[in-house]
Amino acid sequence: MTTVDPAAAKHPDAMAPLLRQLDELLGLTRAAGRADLTARLSMSRSRVADPRVRLVVVGEPKNGMSTLVNGLVGTVVSATDSPVSVPVIAEYGPQATATLVRTVAGGRTERQPVDPLNPAAVMSLDGVVRAEFTDPSPLLAEGFVVMDAPGAPADTPTIWSLIAAADAVLYVADAGKEYTPEQIVLLARIQQVCPTVICVLNKIDRYPVWGQVQQRNRELLDQAGLGFAVAPISAEKHLRAGADQRRDLESGVPQLIEHLREYVLRRADALAHEAAVRDIRTITDHLALSLRSEAETLRDPQRFTEITEQLRSSRTEADNLRQRSANWQITLADGCSDLMADIEHDLRHRLRSLVRDAEAEIVKGDPARGWKEFGADLDARICEAVEENFVIAHYRSVELAEEVAEKFPDSDYESALADLRLENPADVLEPVASLEPLASAKTGVIQPILNIMRGSYGGLLMVGVVLASVLNIPPVNWYSGAAAVLLGVNALWEDRKLRRERRQAEARTAVARLMDDVIFQVSKESRHRLRGVQRTLRDHFTEIANQTLRSVDESLRAAEEAAAEQSGPARDRRLTEIESSLIRLREIRERVNAH
């Protein structure tokens, strides 16, 4: 198998011209002594050269996600019959390797190399967090990183951390049945976190009616406003096909891989290309500003005063952008304050709704029955509420960034927004303990018996004494015995009622304490992240203002040096150098615009 260099694996023919233009412009920024522009351009080049496109495979258990992952990679990296399920990450490497990441004492993690041919044999080790593989797979060599997320997405917070870091999500479902309303809601949530989603219908070889299911799923997705592709495949048939191309095509997996190349990989290329083009345009403008000012002064020294006045006016505007009283600074500060208040209110509203729903379920019966299942369901709903709250915070942050960018006049700053990627929301709830067990749920055998005996004895004694004094019959008789039974049953029923009410009160208290812990932890983390967003935006736009100011200062300095230049040959020589640099900048920009 031919080894592909990962650094050039991401459509090298398409990216090579852009990388050459970035390298050429890097040389010009270094020659101009603009370290700020050099750093910005180096980051842009790293994004273009980065081949990785993170592809996360999710779905309900037993739908064949692990089989599909193995089929995409071309080798066994995800165990299909192991009782232990952990996230699996497979990326390109010149040789096949496998590494288990485990937690050890003190909350630290350690990496343990294992046999790549038999990783399932050691996945049952304690504390395994994830398994990482490298393989010289053709698909991985093209730039894909394939991640298998085990468990149901609706119930497993770990999966959402993988989705948050994904460039695309493959949602795998059984081809024998159409999507349920819960699955449609889940797909909508996934789209909020990762916009690129492909629906996969697996096991089409087992269900002759898969075509009808595919059509129905498309209708359901369209009704929900989700324009996802629905790809029918058979992962097992693909693995069994081997070199039989006809059978492999019948499996649908080659068509899915081609769709990933066309729709996901090239789309990632386009986004990286677009960001690099924006940076090239901005940086060529910065460099050309000082060169044109110097050239105009050299050509016509009489215009020196006019040129410097224009530059000083531009400098004043750029310097104003750096002040705390600048419009964008005020917009950012006010916007972040409003954002924090809105997100805090949204979180508390969601959790209060959960508390009301939980309390309504508690009063319906005895909470001791199914308390663990109740706690697991409540944990899942809390995770969902926190995820949705963080997604709203993310999109509101992006809207704030766009609003701040509009305060920068006479430039394409709207396209130079900070990278506000959605961070992993799943680990926020890790310090929060699950719903505590009910202490009153443990009922001994002796206490109910004693309550029955007390009630029975009271009934026997009361009725027996009355009948003995009135009718002169023995105290122990059929009537007193019946009264003893009735009062004993009543005592038992009252005891159970009191115990149930006590457990309900204890359950409501446990839910309230859990929600207090969640609000304390999540509110703190939410404020921390939003302050991080504020700092990111502040630093990002301050850097833009500083770059503009630096460019104007360089232009002023160049104009002053040009005005002081008296020698004709030296002036002509400098003019020739400037014209050459301006031509190179113009050519770089024209080549970028042509693509």
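Q: How are two packed helices described, and at what angle do helix H6 and helix H13 pack?

A: Two packed helices are described by the angle between their axes and by the distance between those axes. In this predicted model, helix H6 (residues 181-193) packs with helix H13 (residues 371-405) at an angle of about 40°, and their axes are 10 Å apart. That angle makes H6 oblique to H13.

Q: Is the crossing of H6 and H13 left-handed or right-handed?

A: The crossing of these two helices, H6 and H13, is left-handed.

Q: Which residues make the contact?

A: On the H6 side, look for Arg 189, Gln 191, Gln 192 and Val 193. From H13 come Glu 384, Glu 387, Glu 388, Val 391 and Tyr 395. Sorted by class, the contact of H6 with H13 has four charged, three nonpolar and two polar residues.

Q: Now for a strand. Is strand E2 mostly covered or mostly uncovered?

A: As a general idea, side chains in a regular strand alternate between the two faces of the sheet. Here, strand E2 (residues 88-92) is mostly covered, with four of its five residues buried.

Q: In which sense does E2 pair with strand E5, and over how many bridges?

A: E2 pairs with strand E5 (residues 128-135) in the parallel sense, over five bridges.

Q: How many bridges join E2 to strand E6?

A: Three bridges join E2 to strand E6 (residues 144-148), and these two strands run antiparallel. Here you can look for Val 88, which stands opposite Asp 148 in E6.

Technical notes:
Residues numbered from 1 in each chain as written. Predicted model: local features only at pLDDT ≥ 70, side-chain atom pairs only at ≥ 80, totals over all residues. Heavy atoms only, no water. Axes fitted to C-alpha atoms, helices over the stretch in contact; angles between N-to-C directions. Parallel < 35°, antiparallel > 145°, perpendicular 65-115°, else oblique. Left-handed = near helix turned anticlockwise from the far one by under 90°. Contact = heavy atoms within 4.5 Å. Nonpolar A, V, L, I, M, F, W, Y, C, P; charged D, E, K, R; others polar. Buried < 20%, exposed > 50% of the residue type's maximum accessible area, 1.4 Å probe, protein only. Pairing = 2+ DSSP bridges.
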